[in-house]
Amino acid sequence: MRRNASSLILFIVVAFVAAFAVGAVFFRDELTGSPKREAEAEATADPHEGMVYIWDGFDFIWMTPEAGVPVNTLGEEDMTLENGIPVYTGDRYTVLRGIDVSEHQYNVDWNAVRNSGISFAYIRAGRRGCTEGGLYKDPWFETNYEGAKAAGLKVGVYFFSQAVNSNEAAEEAEFLLDIIKNKEIDLPVVYDLERVESEPSTRIDGLIDRETGKGKNKDLLTSLPKAFLTVIEAKGYKPCLYMNRVQGYYWYHLKELSDYMFWVSNPLIAGDSIPRFYYAHDIWQYTTDASVPGVEGPVDVNLMFIPKEQ
């Protein structure tokens, strides 16, 4: 009877010690996290939480959206294709179709353009040379401006920049303002910075990666449209930034530019009907090689989305 009692006491002591040890381990794991529990948590966590899946111009990637930049809300229910041309079918916007031209289109028959259903025209007013950096008025600007206005189109202007610092960008704005003074400009004034691909080297090559086209210094690149458009806005014109998809994702801090209108070159994907750029934009350049009556050769065509008053 005494042996049995001793055995029972020993069993109780051993069980108590074991329970205490297990509890201590559990308590420690709750405080510090065991490797097993951490591994399980990592396995179940979404590695793309807060990200969006986009086509960035090179590949489909996961991207963390820039905070504070309005998002593109156009969906497939808002657009359709008619003979391969995107047509807006929603009720939130008034949508105009337009072209953008420069000296490269030469002599445009603006009445034929208007009769084809085009409502507006963006005309290049000037440019900076991509190698030597000189400032030039587009030799066809006056002819295009007068012809488009006479045909009854709404007219906007853009400047093709090759600025490498904010002082040069501001200089370009002043140059443009001198060209358009005393002219009736119906649409926002646009800043357009692009690399000239036909040249083996250009003055803005130090700002971008030649192989990928991505910007090397977003702070500097963002300062260029800011400087140009600040001057434009101070003179009473509505400012607008032109960019392609790569520039929008890899050149600029869009939050710093979001007070301006955005015009995005984002050519339509075959069989698609909506702009596949993640952020909201006011003008969509959906093709760069359209055939439009009155224009010799290929030309860019755009849709401008004007919000209706709610």
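This is a predicted model: local features need pLDDT of at least 70, side-chain atom pairs count only at pLDDT 80 or more; totals for chains, interfaces and linings use all residues.
Before I show you anything, one definition: two rings of Phe, Tyr or Trp, taking the six-membered ring of Trp, count as a pair if their centres lie within 6.5 Å. With that in mind, please look at Tyr53, Trp55, Phe60 and Trp62, which together form one aromatic cluster.

Tyrosine 93 belongs to strand 5, residues 93-101, while phenylalanine 305 belongs to strand 13, residues 299-307, so the pair ties together parts that are 212 residues apart in sequence. Phenylalanine 305 has a relative accessibility of 6% and therefore counts as buried, the limit being under 20%.

A further pair joins phenylalanine 120 and tyrosine 122, and because their centres are 6.2 Å apart with the planes at 85°, this pair is edge-to-face as well. Both phenylalanine 120 and tyrosine 122 are buried.

Rings can also have a lysine over the face: lysine 183 lies over tyrosine 145, at 5.6 Å from the ring centre, and lysine 214 lies over tyrosine 250, at 4.3 Å from the ring centre.

Finally, the largest pocket, which has a volume of about 810 Å³. It is lined by 36 residues, of which Phe160, Asp192, Glu194, Arg195 and Val196 are the closest to its centre, and by class this lining has 14 nonpolar, 11 polar and 11 charged residues.

Notes. Residues are numbered from 1 along each chain as its sequence is written. Side-chain values use heavy atoms; hydrogens and water are left out. On a 1 Å grid over the protein atoms alone, a cavity is a set of points where a 1.4 Å probe fits but cannot get out, and a pocket is an open set with protein on both sides within 12 Å along at least five of seven lines; lining residues have an atom within 4 Å of a point. Grid points are joined across faces, edges and corners, and a volume is the space filled by probe spheres set on the points. Ala, Val, Leu, Ile, Met, Phe, Trp, Tyr, Cys and Pro count as nonpolar, Asp, Glu, Lys and Arg as charged, and the others, Gly among them, as polar. Helices (H or I, at least four residues) and strands (E, at least two) are DSSP runs, numbered from the N terminus. Buried means under 20% relative accessible area, exposed over 50%, partly exposed in between (1.4 Å probe, protein chains only). Rings of Phe, Tyr and Trp (its six-membered ring) pair if their centres lie within 6.5 Å; planes under 30 degrees apart count as stacked, over 60 as edge-to-face and the rest as tilted. A charge sits over a ring if NZ of Lys or CZ of Arg is within 6 Å of the ring centre and within 35 degrees of the ring normal.
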